[in-house]
Amino acid sequence: MTTRPRRDMTGRKPLRGRPAAASEAALPSVLTTGLARGRVELTTFFRERETVVFIFALPAVLLVMLGSIFGGQAVRVPGVTVGQLFVAGMIAGGIMSTSFQYLGIGITTERDQGMLKRLYGTPMPHTAYFIGKIVQVFVCMIAEIALLMIVGVAFYHLHLPASAGHWWTLAWVCVLGCAACSLLGIAVSSLPRSARSASPMITLPFLVLEFISGVFIPFTSVPPWLQRVAAVFPLKWMAQGLRSAFLPARAAVLEPAHSWEHGRTALVLAAWVAAGLVVCVRTFRWQSRKR
Amino acid sequence: MGNDTAVRVSGLRKRYGQLTAVDGIDLEIRRGEVFALLGPNGAGKTTTVEILEGFRPRDAGAVEVLGEDPGSAGRSWRARIGIVLQLASTGPELTVREMIAHFATFYPRPRDPDELIELVGMTDKAGSRLAALSGGQARRVDVALGIVGRPELLFLDEPTTGFDPQARRQFWDLIRQLAADGVTIVLTTHYLEEAEALAGRLAVLAGGQVVALGKPAEIGGAGRPARVSWDTPDGRRTVQTVTPTQMVADLARQAGGEIPGLTVTRPTLEDAYLELIGDQR
């Protein structure tokens, strides 16, 4: 293999009397292309009606429904309502919806429709694709959390985090939980064979997880064996961490361990991030399995 | 490898389980050529092209595309090639202009999106969502995305499948324009007419092998016997001959003037093609 002279970069031979390019222009940086991806991801997210309704708005709708029906009930801790528990749980569900559910279905669709293959055929750095996803998921997560907090404060007596420490808890639980759920979403996107089967295949386990993790019903009402199942997955820990950010300290008695278990929450979520990262790196495919 | 060679393939093989999709292909495509891979479905065209594009690993053989091995080439190599995949996919919720401008950000020296939209004849549709385009319009966008980075080499995989005749001809004009600009074009098609209209040279693939290679006219006519037919008092006679001129001169002498009902025909590319792929069945 010989090295090509620079002039060929133009694709036109000087022999033909065409002007050669001044020099080899540099490839755009990973950051530039990654941000370009992020912009496109966000644009398409908010243009897809199904996404806006089923991924973005649905948690708020469910919160209003659940809150209206059960929100007034008191729990055995004075000053704490079921509505407050629902808001915290639904924020966890909303984070998983914008990360796990959206990425799982969205990437399957992109792969099935050939968009990933098309991107792979360009000089776009592969990292840029994932930067784009991170930008999109992060922005959507913030918007989702804000939306649910507004609904919570307006209708369900949600109190904003009481101190800087509580805000910090909110931040790390959201970021760590979102990272774990995003990686899980990217990993499961390899499982469905087509875009059509993606939605049920990814939504069903997510719904089950929401039921057993204290999103749709207070975690104390979940049978102990299902609580143990839920404790394997990130959503339960995210909901618990968020309750610790929004509820008064005395509400910790409602938790199975009678404490917020911040250390364990961080550990479980971090383990999911690490495992998810390994699985994604090893299994991510740019092409559909259909030959 | 000389600078005049865009693609060099030797002994290329690819199996999918029991199926041998590519069974020992050798090719050399020069820079500036429009080269067609012609063959029926399942002949190995797409597999071959996808190996050249770096989408698929190969089982055996040597491949060089613009001087690099597509299996290991990096971003700067990708910036020099353009790819139009077989299936026009429904893209994301973006307009034609947004999509083209977005892909332009991946390349070091992209074309101006608006000029490119004009080049592919989509100026009127620049603000339309991708999902709202007709098949032919979507294909034009595919080509625009393939050439937005000013590739030296453009792969087109069955670019006009499903087009109506008018759309196909417009598309051919676009490809000719690119070829005139010096872009090397590798095209797969199962339309004979398309290979004949666009390609300087073509390879006929059947059963994963190259069964014929050359200029369309060579594969069609030259070297194959012509058919000379004329009327005799006993009825019509037809003779296959590699020296039809000599034969007609002899007949004229015998007839002492006009030869009644004389026709001389060469086998068309289509005749040759059907014969070639028929051998493989």
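Analyst: This is a predicted model. In chain A, the axes of helix α1 (residues 30–47) and helix α5 (residues 126–155) come within 7 Å and cross at roughly 45°. That angle makes α1(A) oblique to α5(A).

User: Is the crossing of α1(A) and α5(A) left-handed or right-handed?
Analyst: The crossing of α1(A) and α5(A) is right-handed.

User: Which residues meet there?
Analyst: From α1(A), they include Val30(A), Gly34(A), Gly38(A) and Phe45(A). The α5(A) side includes Ala128(A), Gly132(A), Val135(A) and Cys140(A). The residues of this contact divide into eleven nonpolar, six polar and three charged.

User: Switching to the contact of chain B with chain A: how many residues does each chain give?
Analyst: The contact takes 32 residues from chain B and 34 residues from chain A.

User: Which elements of chain B give two or more residues to that side?
Analyst: Those are α2 (75–78) and α3 (96–104) of chain B. The largest share comes from α2(B), with three residues. The side of chain B that touches chain A divides into 15 nonpolar, nine polar and eight charged residues.

User: Now the sheet in chain B. What's the strand order?
Analyst: It is an open sheet of six strands in the order β5-β6-β7-β3-β8-β9, with mixed pairing. The edge strands of chain B are β5 (81–84) and β9 (209–214), each pairing on one side only. From one strand to the next, the twist averages 15°.

User: And how does β8 pair with β9(B), parallel or antiparallel?
Analyst: Strand β8 (residues 201–206) of chain B and β9(B) are antiparallel, over five bridges. Val204(B) stands opposite Ala212(B) in β9(B).

How values were computed. Residues are numbered from 1 along each chain as its sequence is written. Chains are lettered from A and ligands numbered from 1 in the order in which they are written. This is a predicted model: local features need pLDDT of at least 70, side-chain atom pairs count only at pLDDT 80 or more; totals for chains, interfaces and linings use all residues. Axes are lines fitted to C-alpha atoms, for helices over the stretch in contact, and angles run from 0 to 180 degrees between N-to-C directions. Helices (H or I, at least four residues) and strands (E, at least two) are DSSP runs, numbered from the N terminus. Angles under 35 degrees count as roughly parallel, over 145 as roughly antiparallel, 65 to 115 as roughly perpendicular and the rest as oblique. A crossing is left-handed if the near helix is turned anticlockwise from the far one by less than a right angle, and right-handed if clockwise. Two residues are in contact if their C-beta atoms, placed from the backbone, lie within 7 Å. Ala, Val, Leu, Ile, Met, Phe, Trp, Tyr, Cys and Pro count as nonpolar, Asp, Glu, Lys and Arg as charged, and the others, Gly among them, as polar. Two strands pair if DSSP finds at least two bridges between them.
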